[in-house]
Amino acid sequence: MSRLEEEIISLYNEPIIGASYLNTYGEENIKSLIEKYKKLVGPEKHTMLKSVKGFLKSNDLNYCFVSVAVLHGLGMNKDVEAAYRWAQFQDNPQLFTSHFDIGKSIVEHLGFG
């Protein structure tokens, strides 16, 4: 695993989602990931997108919905739509889609959407 991939995973995990009022729904994680992507250049952007898209279909709801939020904030609507379609085939599609909606709302509230 590269240094960048380790840093991306760290941004998903720290601060812990729900551990504080300021990060109830991963606001800090989402903001940090979007800002990280915007600072990258060339192949590093591709590496980060590959990682974020890899978490889109995760069984970990936090990773999944944060990925949707980040991609929404980056204007990658086709990937967001694909995540919603994927959610329809999960055991509890409403759980996923409601979290995706929250993530998208957070991004818009933060001014990225």
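Helices here are DSSP runs of H or I with at least four residues, numbered from the N terminus. This is a predicted model, in which local features need pLDDT of at least 70, side-chain atom pairs count only at pLDDT 80 or more, and totals for chains, interfaces and linings use all residues. Residues are numbered from 1 along each chain as its sequence is written, and side-chain values use heavy atoms, with hydrogens and water left out.

**Helix α6**
- Helix α6 covers residues 93–109, 17 residues in total, and its first and last C-alpha atoms lie 24 Å apart, close to the 24 Å expected at 1.5 Å a residue (the expected span is 1.5 Å times one less than the number of residues).

**Helices α1 and α4**
- The axes of α1 (residues 3–13) and α4 come within 10 Å and cross at roughly 105°; axes are lines fitted to C-alpha atoms over the stretch in contact, with angles from 0 to 180 degrees between N-to-C directions.
- α1 is therefore roughly perpendicular to α4 (65 to 115 degrees).
- Ile9, Tyr12 and Asn13 of α1 meet Tyr63, Val66 and Ser67 of α4.

**Phe55**
- Phe55 sits in the loop between α3 (43–54) and α4.
- Leaving aside residues up to four places away in sequence, Phe55 touches Ile9, Tyr12, Tyr63, Cys64 and Ser67.
- The C-alpha atoms of Phe55 and Ser67 are separated by 6.3 Å, with the two residues 12 apart along the chain.

How values were computed
Helices (H or I, at least four residues) and strands (E, at least two) are DSSP runs, numbered from the N terminus. Angles under 35 degrees count as roughly parallel, over 145 as roughly antiparallel, 65 to 115 as roughly perpendicular and the rest as oblique. Contact means heavy atoms within 4.5 Å.
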